[in-house]
Amino acid sequence: MIHQYKNNGYNIVLDVNSGSVHVVDDLVYDIIAIYEDCGQDEIVERLSGRYERDQILEALGEVRQLEEDGLLFTEDTYKDYIIDFKSRPTVVKALCLHIAHDCNLACKYCFAEEGEYHGRRALMSFEVGKKALDFLIANSGSRVHLEVDFFGGEPLMNFDVVRKLVEYGRSQEKIHNKKFRFTLTTNGVLLNDDVMEFANKEMANVVLSVDGRKEVHDRMRPFRNGQGSYDLIMPKFIKMAESRNQTNYYVRGTFTHYNTDFAKDVLSLADMGFKQISVEPVVAPPQEPYAITTEDVPILCEQYDQLAREMIRREKEGRGFNFFHFMIDLTGGPCVAKRLSGCGSGTEYLAVTPWGDFYPCHQFVGQEEFLMGNVDEGIVRTDIRDEFKMCNVYAKDKCRQCFARFYCSGGCAANAYNFNHSITDAYDIGCDLMRKRVECAIMIKAAQAALEEGE
Amino acid sequence: MKRVKTLTSRTLKNTMVKGGCGECQTSCQSACKTSCTVGNQSCENNK
């Protein structure tokens, strides 16, 4: 399978199944588009109005060479491998701990409904959290690295328990030959020097929620009294990012139908000095006024293009930054098993509620049909686990013809379910945006390669 | 090659041999929490 596109002056050819990426001239680009359907004579005939015969034959030689080298027109031979891979016994390696189902903000797009997840306000006790960590250790098999995200609601509303659980986790590492990677997602309201010092010592990553421009942020992320939160959190986030030497954190925003010019929000965060930025489309039921619409998609795609070009410009000027969705590792990225087997929700990744219930991931919390078990009994509904286990790109019709399947791993199961009531379907708007992001990310790599060669 | 610049000639097929150890980060634990992005993650064995 080939995906070819033109972006920012580059002709890019992606050989999907091998993962090879080529930047080609116009002639090779045109040949590749018809190569599989035409013999040599027909190719020459069809292109002879625009190119000289000798040139066409020379370019055709290069295309053939790439094909022989296994870098073009390769087959997808992974299906049986992935099904076999997914059939292996399940181990759990990551937990999303809902340390607080409560929040001190009232963000209008919150899928957790102001932290409460369609349920009651609650804080996780140390005892429940400890059982969750014990469950993780006991069910992680030979995996060494275990990930625990302190999530909410707002986890700093229960910071004492966060601190104790980290201490407990560390005490278990040597005993069980495990290494915990703790992460924290926070809105910043309760962030202070004490929390920062602790987080910088113990948290492998922190996610700081901020949407970009002040007016955009304050519209969607107010306190319960309606007042905006930007002025309170922004100075703290700047301090936190600096205290982590601008690494191992993300400022993480959400864009909605209200700010389809979201590239300005990304650049606003970059202008504030942040170097690790993630700004993502809201996931919301279509009837919400802030939900992304099908009509928004072309506008958003143009925004991604603008952002990509601006990032290249800033990098040339020595003031580049990372945008999470444009980060792509072409040479050392994940193995094909990782790329095609899905996000791991419901199998190696679980969400834990304050009272110790397990759900496939944080986005399913509160949907009772997805309640899988709890910290006392373990996974009771193995049928749910098994359904998620077989959720991979080959189980999804929409993924089969999509070039981006090796980059998104089949997309988000929760989005698929929310929009189509099936975890093996896909959320179409999300797919359109994902494809655009992959194209931009690869274009940036082409531009970087050109820059390195002094072009 | 005159007309082609290959950015990566890595072939994913080769990762079938040693791949699938599972030590890498779970995608939703990185930053997203609402989308699934694996292409930008790094392999634990390449660190």
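**Figure 1. Helices α6(A) and α7(A) pack with their axes within 12 Å and a crossing of roughly 25°.** Here α7 covers residues 193-202 of chain A. Helices are DSSP runs of H or I with at least four residues, strands are E runs of at least two, and both are numbered from the N terminus. The axes are lines fitted to C-alpha atoms, for helices over the stretch in contact, with angles from 0 to 180 degrees between N-to-C directions. The two helices are therefore roughly parallel (under 35 degrees; over 145 is roughly antiparallel, 65 to 115 roughly perpendicular, the rest oblique). Their crossing is left-handed, that is, the near helix is turned anticlockwise from the far one by less than a right angle, whereas clockwise would be right-handed. On the α6(A) side, A:Phe159, A:Val162, A:Arg163, A:Val166 and A:Arg170 make the contact, and on the α7(A) side A:Asp194, A:Val195, A:Phe198 and A:Glu202; contact means heavy atoms within 4.5 Å. By class there are 5 nonpolar, no polar and 4 charged residues (Ala, Val, Leu, Ile, Met, Phe, Trp, Tyr, Cys and Pro are nonpolar, Asp, Glu, Lys and Arg charged, the others, Gly among them, polar).

A note before the next views: this is a predicted model, where local features need pLDDT of at least 70 and side-chain atom pairs pLDDT 80 or more, while totals for chains, interfaces and linings use all residues. Residues are numbered from 1 along each chain as written, chains are lettered from A and ligands numbered from 1 in written order, and side-chain values use heavy atoms, without hydrogens and water.

**Figure 2. Helix α5 (residues 126-138) meets α6 (residues 159-176) in chain A at about 30°, with axes 10 Å apart.** This pair is therefore roughly parallel too, and the crossing is right-handed. Look for A:Phe126, A:Leu133 and A:Ile137 among the α5(A) residues in the contact, and for A:Val161, A:Leu165 and A:Tyr168 among those of α6(A). The contact residues divide into 6 nonpolar, 4 polar and 3 charged.

**Figure 3. B:Thr26 sits in the segment after α1 (15-18) of chain B.** Is this residue buried or exposed? B:Thr26 is buried, with a relative accessible area of 1% (buried is under 20%, exposed over 50%, partly exposed in between, with a 1.4 Å probe and protein chains only). Leaving aside residues up to four places away in sequence, B:Thr26 touches A:Lys93, A:Ala94, A:Glu147, A:Lys338, A:Cys343, A:Tyr349 and B:Gln41.
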